[in-house]
Amino acid sequence: TVILRNDNKTDSNYSGIDFLTLDDGDGEEHAASIYCISQHATSTIKADLAFYTQDGASGATPVRAMTIYSDGNVGIGTASPAELFHVNEADTTAEAGVIQRLSTTSGGAFKIGVDDKSASAPVWIIETGSNEHLHLNPTGTGKVGIGTAAPAQLLQVGGNTSGENVYVNCSTNTDAITGYLWSVNGGAKWRMRNSAADLLDIYN
């Protein structure tokens with residue numbers, strides 16, 4: 001058992017472990033730290049556990065990368081997690097930010113993130129490929145878009161692109177015969193079919 005004792009009762013005082021290493025020029029660098037940061041009151045304390053890492057800049061002080069708050073909340077990129085798991089992107093440039101990525105051995109990935117890290121109300125995106133997106137509330141009105149970043153209705157599938165059809169397949173068949181076809185650009189605006197010959201077309 002290792003015990004680190006801190007008798008300083010000043011709030012935000014800490015005790016912890018520093019990790020030192022040598023760079024290529026044999027210069028000593030502060031690589032990482034784990035600190036217990038205390039807030040004191042009569043007969044009780046609150047304590048956060050903070051993890052600091054080095055970003056690679058020579059001589060730089062390690063920055064806080066993760067915090068376990070006194071109430072059990074965990075923060076990545078924030079020293080004050082407001083929820084059980086709180087992720088904050090410090091980079092506020094207007095670009096997409098991924099907060100979760102599940103990778104496959106073949107290089108594919110399932111990603112959850114936002115489209116613009118600088119926006120006050122960013123669009124949440126679920127992505128399984130470079131062009132396969134589910135957009136949640138992209139217009140700020142509760143609408144959902146599948147294949148479009150600008151849904152005009154509560155749920156819009158596809159981007160109303162010329163020549164684009166929307167399929168809802170109701171079978172495991174691979175012959176592309178059984179199921180429904182909702183056409184937005186063909187002669188039939190709506191089509192339901194059970195086979196190549198058994199179908200119902202509804203025209204505008």
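User: Over how many bridges do S4 and strand S5 (residues 74-76) pair?
Analyst: S4 and S5 run antiparallel to each other. Strands count as paired if DSSP finds at least two bridges between them; a strand is a DSSP run of E of at least two residues, numbered from the N terminus. S4 and S5 meet this condition, as they are joined by 3 bridges.

User: What kind of model is this?
Analyst: Residues are numbered from 1 along each chain as its sequence is written, and side-chain values use heavy atoms, with hydrogens and water left out. Local features need pLDDT of at least 70, side-chain atom pairs count only at pLDDT 80 or more, and totals for chains, interfaces and linings use all residues, this being a predicted model.

User: Which residue takes a positive phi in the hairpin of S4 and S5?
Analyst: Within this strand pair, Met66 has Ile76 of S5 as its bridge partner. The hairpin has 5 residues between its two strands. The residue with a positive phi, near 100°, is Gly72.

User: How many bridges join strand S2 (residues 28-41) to strand S3 (residues 44-53)?
Analyst: S2 and S3 run antiparallel. One of their residue pairs is Ser38 with Ala47, the latter in S3. S2 is joined to S3 by bridges numbering 10.

User: Which residue in S4 stands opposite Leu49?
Analyst: S3 is joined to strand S4 (residues 63-68) by 5 bridges. These two strands also run antiparallel. In S4, the residue opposite Leu49 is Ile68.

User: Is Ser38 buried or exposed?
Analyst: Ser38 has its place in strand S2. A residue is buried under 20% relative accessible area, exposed over 50% and partly exposed in between (1.4 Å probe, protein chains only). With a relative accessible area of 10%, Ser38 is therefore buried.

User: Which residues does Ser38 touch, not counting residues up to four places away in sequence?
Analyst: Tyr14 is 24 residues from Ser38 in sequence, yet their C-alpha atoms are 6.1 Å apart. A contact means heavy atoms within 4.5 Å. With that limit, Ser38 touches Thr10, Asp11, Ser12, Asn13, Lys46 and Ala47.

User: What relative accessibility does Ser12 have?
Analyst: Ser12 lies in the segment before S1. Its phi is positive, about 70°, although Ser12 is not a glycine. Ser12 counts as partly exposed because its relative accessibility is 45%.

User: What percentage of the 204 residues of the protein chain count as buried?
Analyst: The protein chain has 0 helices and 16 strands. Of its contacts between residues at least 6 apart in sequence, 9% join residues at least 24 apart. The share of residues in the protein chain that count as buried is 20%.

Notes:
Helices (H or I, at least four residues) and strands (E, at least two) are DSSP runs, numbered from the N terminus.
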